[in-house]
Amino acid sequence: MPGDLFGMEALLEESYAHSASALSNVHLCRIPKAIISSLGEESPRLHRQIVKKWGEALAQSESWFSEINTGRIEVRLARFFLRFAKVSGDMAQPFIKLFCPWASKA
C-alpha cells in the first residue's frame, strides 16, 4: 500500500532477519541507515514523522498478529480473508471469490 514501511527493524540491529517480495510493480524509496540515524540532529521534524510512522506500523502489525492468532480457526480465516480483500481493494464487490485448491468437495 502507498506509504507502507518495511525494514525499519534494521535500524536497531546489524542485520535484517526478514525479506519481502512484491506481488505487483512497486515504487520504492530506499533511505540508507546512516541518513535515518542522522535525521535526529539535522531534521528533528522529519525524524519525528518517521518514528510516528514506525509506531503506527508496529501497532498495525500487533493488531494483525492478534487477529490471526485468537479465536476459532473459522473466525481467524474469515479475518484473514477480509483483511486480504481490504488491502487488495476488493471490498466493493458483493462477494469475495477465492480459489482454494486444498478445499474438499462436499
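## Secondary structure

Helices are DSSP runs of type H or I with at least four residues, numbered from the N terminus. The structure described here is a predicted model. The protein chain contains three helices and zero strands, and its elements follow the pattern α-α-α along the sequence.

Of the 106 residues in the protein chain, 5% are buried.

## Packing of H1 and H2

Two packed helices are described by the angle between their axes and the distance between the axes. Helix H1 covers residues 33–42 and helix H2 covers residues 44–69. The two pack at an angle of about 130°, and their axes lie 6 Å apart. Angles of 65 to 115 degrees count as roughly perpendicular and those over 145 as roughly antiparallel; H1 and H2 are therefore oblique to each other. The crossing of H1 and H2 is left-handed.

On the H1 side, the contact is made by Ile36, Leu39, Gly40, Glu41 and Glu42. These residues meet Pro44, Leu46, His47 and Ile50 in H2. By class, the residues of the contact of H1 with H2 comprise five nonpolar, two polar and two charged.

Leaving aside residues up to four places away in sequence, Ile50 touches Met8, Ile36 and Leu39. Met8 is 42 residues from Ile50 in sequence, and the C-alpha to C-alpha distance between Ile50 and Met8 is 9.6 Å.

Trp54 is also found in helix H2. With a relative accessible area of 24%, Trp54 is partly exposed. The C-alpha atom of Trp54 is separated by 9.4 Å from that of Asp4, a residue 50 positions away along the chain.

Ala34 is found in helix H1. At 57% relative accessibility, Ala34 counts as exposed, since the exposed class begins over 50%. Ala34 and Leu11 are 23 residues apart in sequence, and their C-alpha atoms are 9.1 Å apart in space.

Leu12 lies in the segment before H1. Its relative accessibility is 65%, and Leu12 counts as exposed.

## Salt bridge

A salt bridge requires a side-chain nitrogen of Lys or Arg within 4 Å of a carboxyl oxygen of Asp or Glu. By this rule, the count comes to one. Glu74 forms a salt bridge with Arg72, and the closest N and O atoms of the pair are 3.4 Å apart.

The two partners fall into separate accessibility classes. Glu74 has a relative accessible area of 47% and is partly exposed, whereas Arg72, with a relative accessible area of 57%, is exposed.

Note on methods
Residues are numbered from 1 along each chain as its sequence is written. This is a predicted model: local features need pLDDT of at least 70, side-chain atom pairs count only at pLDDT 80 or more; totals for chains, interfaces and linings use all residues. Side-chain values use heavy atoms; hydrogens and water are left out. Buried means under 20% relative accessible area, exposed over 50%, partly exposed in between (1.4 Å probe, protein chains only). Axes are lines fitted to C-alpha atoms, for helices over the stretch in contact, and angles run from 0 to 180 degrees between N-to-C directions. Angles under 35 degrees count as roughly parallel, over 145 as roughly antiparallel, 65 to 115 as roughly perpendicular and the rest as oblique. A crossing is left-handed if the near helix is turned anticlockwise from the far one by less than a right angle, and right-handed if clockwise. Contact means heavy atoms within 4.5 Å. Ala, Val, Leu, Ile, Met, Phe, Trp, Tyr, Cys and Pro count as nonpolar, Asp, Glu, Lys and Arg as charged, and the others, Gly among them, as polar.
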